[in-house]
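Subject: A structure to look at, with notes

Dear colleague,

I am passing on a structure for you to look through, and my notes on what was found follow below it. Please keep the two side by side as you read.

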Amino acid sequence: MLIRRPADIPPSEIMSREAYLNRRQLMAGAAGLALAASLPGTSQAASLATVKSSFSTDEKQTSLQDVTNYNNYYEFGVDKTAPAAHAHMLKTSPWTVKVDGLVGKPAEFALEDLISSSALEERIYRMRCVEGWSMVIPWDGFPLADLIKRVEPLGSAKYVAFETAYRPEEMPGLQSMFPVLEWPYVEGLRLDEAMHPLTILAVGLYGDKLPNQNGAPIRLVVPWKYGFKGIKSISRISFVEKQPVTSWSRQAPDEYGFYANVNPSVDHPRWSQGTERRIGEGGLFVKRRPTLLFNGYAEQVAELYSGMDLRKLY
Ligand code: MTE
């Protein structure tokens with residue numbers, strides 16, 4: 001098992017939340033000053049101050065170059081290089097995330113407030129795309145559960161629905177006569193999946209703010225599911241009673257399910273899911289790696305699905 005479990009972390013690495021936030025503010029302040037001094041006249045953000053997470057893998061990380069130039073973000077085109085070329089068109093500041101539906105405290109959070117009131121962690125996760133490739137990405141973010149607790153879901157809330165911003169004037173893919181998907185992009189999780197400690201909202205990667213092509217300013221990361229569950233540039237999170245519609249399962253229900261758990265023994269109708277190509281690992285002749293059940297996170301998440309037929313609920 002490649003994941004460090006909480007028991008392996010020396011007490012010196014564990015801090016109270018209050019001490020952590022104080023330290024973060026100090027570090028962010030210092031980093032901001034240093035950056036302001038080195039970049040006169042620019043408004044570039046300071047790098048993010050995070051603590052390391054016990055949930056990180058120690059596998060070799062995919063290069064920043066590959067993580068930011070081999071993307072799926074269909075609002076900016078269908079080629080892997082299109083998001084890097086066009087996503088700068090999206091204005092990510094100011095940004096708010098509306099949280100509504102079956103909650104006691106609905107709210108509209110300004111992104112800066114969400115970041116400054118959250119304990120940011122670095123989470124180095126294996127990511128597996130449904131198309132058969134994978135990466136290892138050092139995300140910076142916070143548990144989605146932290147946000148969920150703040151809005152106090154009602155007992156009737158069973159699922160969480162997510163929506164990407166809908167901005168045709170800033171997203172060329174939304175202007176197309178033949179759209180690939182129905183917009184806005186929507187995704188969903190069962191409430192217990194959303195509350196799971198591995199599920200995070202990412203606001204950065206490689207210690208810096210999230211590049212637009214990776215879903216700035218805030219996106220979902222669920223490492224045991226295929227990449228399409230990781231909805232980008234989230235503007236709304238709603239708590240609902242019934243399983244919400246999700247973009248890819250609406251588009252092709254026989255190919256993409258609501259759960260989308262990584263599962264080498266349930267093939268896609270048009271290709272095997274048994275192996276994967278790790279991006280950055282050399283050319284065509286490099287051996288593909290075996291794909292692991294729940295992308296290698298089975299020990300943490302398998303119990304969420306006990307008793308379920310994963311061939312039917314794919
Ligand atoms: N979110 C939106 N809004 N639009 C998209 O097209 N693509 C999904 C997911 N989130 C997508 C999205 C798919 S198919 C994948 S594999 C991941 O984003 C890719 O994330 P990355 O480019 O940061 O690796």
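Which strands each supply at least two residues of the lining of the second largest pocket? They are strand 4, covering 121-128, and strand 5, covering 133-143. Please bear in mind throughout that this is a predicted model.

Of the strands and other elements, strand 5 gives the most to that lining, with five residues. The second largest pocket has a volume of about 530 Å³, and it is lined by 29 residues, of which Asn72, Cys129, Gly227, Phe228 and Lys232 lie nearest its centre. Sorted by class, the lining comprises 17 nonpolar, seven polar and five charged residues.

This pocket is also the space taken by the ligand. The ligand is surrounded by 15 residues, and the closest are Asn71, Tyr74, Glu75, Gly230 and Lys232. By class, this shell is made up of six nonpolar, six polar and three charged residues.

A polar side-chain atom of Lys232 lies 2.8 Å from an oxygen atom of the ligand, and a polar side-chain atom of Asn214 lies 3.0 Å from an oxygen atom of the ligand. At Gly230, by contrast, a backbone N or O atom lies 2.8 Å from a nitrogen atom of the ligand. As for how covered the ligand is, taken alone it exposes 540 Å², and the protein buries 96% of that.

With best wishes

How values were computed:
Residues numbered from 1 in each chain as written. Predicted model: local features only at pLDDT ≥ 70, side-chain atom pairs only at ≥ 80, totals over all residues. Heavy atoms only, no water. Near = heavy atom within 4 Å. Polar contact = N/O pair within 3.5 Å; in protein donor to acceptor, adjacent residues only side chain to side chain. Areas by Shrake-Rupley, 256 points an atom, 1.4 Å probe, with all protein chains shown as cover. 1 Å grid on protein atoms, 1.4 Å probe; cavity = no way out; pocket = protein on both sides within 12 Å on 5 of 7 lines; lining within 4 Å. Sits in = over half its atoms within 2 Å of the grid points. Nonpolar A, V, L, I, M, F, W, Y, C, P; charged D, E, K, R; others polar. Points joined across faces, edges and corners; volume = space filled by probe spheres on them. Helix = DSSP H or I, 4+ residues; strand = E, 2+ residues; numbered from the N terminus.
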